[in-house]
Structure formats: structure tokens, C-alpha cells
Amino acid sequence: MSTPTAERIATAAREILAAEGTAAVTMRRVAEATGITPMAIYRHYDNREVLLRAVATTAARELAEVWREPAPNEDWAARFDLLQDRFLDFAVGQPHLYRFLMTDDWAQARRFPGDFRDHGGPPLAELVRLVEEGMRTGVLREDDPLEVALTVSTQTQGMVLLYLSGRIETSEVDFRAMCHRSAWRIFDGLNA
């Protein structure tokens, strides 16, 4: 069974984006990678922004599925550490895709807070669920779960951007440990 053309186009765009960044994703490059003419892409995607949005939607959904995978029957802290490790696997392992999804300004990118209420934004939603559980079970004091998740996640995102740009000079292992320590410093201030 052959892959539908629209899916092949989006996959090619994602591969180019992951390898070289968003600037490298042009209709011509995607067409060459897919083996079709540039004009044929427009039968499936109105423009580059619509194509990039399809890439973002698929990538975010896939990340949410990975981050939603059940954690071993461990305590709350171990499950947070596992979720952060999964985030760091993505951010450090796929830096161009990470920048595109998390920091680039593109049409229809999610905006805080409106697009994130009611568990919108698949990746952040997993952290919000964990924070809500922490508050419900007394691990964390009561607060706005969405804002707490944003505080913890943006701190890690900022560190990732510094690391990816070479501003934090350390091994990946030491960098990951630093991210965990920093997140726990925040949670220590939120303990019940």
C-alpha cells in the first residue's frame, strides 16, 4: 500500500526541517525530496505555512504520545524526572524541530494562555496533568497548574536554548543533570 501524497509531502518537509531548520523548507526542496513538481504540493497544502502547520500538528501529537507513555509504578518525583528526560531527549536530539515547535514564531503557533487551557498543547498538557496530580495528592501546594507547568517548562526551555547555542559549555550528561536540579529548585519552592 503506497503512502498518500499529502503524507509523503509532510514527511519530506519534516525531514528537511529536522535536518536543516525551517528556512530550508521550501516548496521546491520538498517537491524534490518527494519526487513531484512544486506546483503539485499546492493540491494538498495551500502554502508553506499550511504545510509547516501540518508538520507541527503531527510532531506535537507524536511527542504527546511518547510523553504520555505510562511511567513505571514510581512516585511522583520519578515520573516528573522521566517526563523531563523525554523532553530533553526531544530538545537535544532534534534541535531544529524543537526550535520550530517551541520558539519559532509561525502562523497559528499556540499562544499562552488561551491555547493551553483545558489541556491544549499536547506536550505541555502532560506536565499540567502531573502538576495537577501533585497538587491533588499534596506533593505540591495548591496553585494554578497551568502557570506552574509553564514556569517549570520555560525554565528548562531557556536552558535548552542556551545549551543548543553553545552558551552552556558542558557535556550533555552534565547539562541534563543541571536541568533536573534547576527544575527541582522550582518545585522545592512549591512543596506542600
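## Exercises on a predicted model

Leu 63, Val 66 and Trp 67 of H4 are in contact with Leu 83, Arg 86, Phe 87 and Phe 90 of H5; contact means heavy atoms within 4.5 Å. By class, this contact has six nonpolar residues, no polar ones and one charged. Here Ala, Val, Leu, Ile, Met, Phe, Trp, Tyr, Cys and Pro count as nonpolar, Asp, Glu, Lys and Arg as charged, and the others, Gly among them, as polar.

The model is predicted: local features need pLDDT of at least 70, side-chain atom pairs count only at pLDDT 80 or more, and totals for chains, interfaces and linings use all residues. Residues are numbered from 1 along each chain as its sequence is written, and side-chain values use heavy atoms, with hydrogens and water left out.

**Exercise 1. Describe how H4 and H5 cross.**

Step 1. Locate the helices: H4 is residues 48-68 and H5 is residues 76-93. Helices (H or I, at least four residues) are DSSP runs, numbered from the N terminus.

Step 2. Take the axes. They come within 9 Å and cross at roughly 145°. Axes are lines fitted to C-alpha atoms, for helices over the stretch in contact, and angles run from 0 to 180 degrees between N-to-C directions.

Step 3. H4 passes H5 in a right-handed crossing, meaning that the near helix is turned clockwise from the far one by less than a right angle.

**Exercise 2. Is Thr 34 buried or exposed, and what does Thr 34 touch?**

Step 1. Thr 34 lies in helix H2, residues 27-34.

Step 2. Thr 34 has a relative accessible area of 10%, so this residue is buried.

Step 3. Leaving out residues up to four places away in sequence, Thr 34 touches Arg 8, Ile 9 and Ala 12.

How values were computed
Helix = DSSP H or I, 4+ residues; strand = E, 2+ residues; numbered from the N terminus. Buried < 20%, exposed > 50% of the residue type's maximum accessible area, 1.4 Å probe, protein only.
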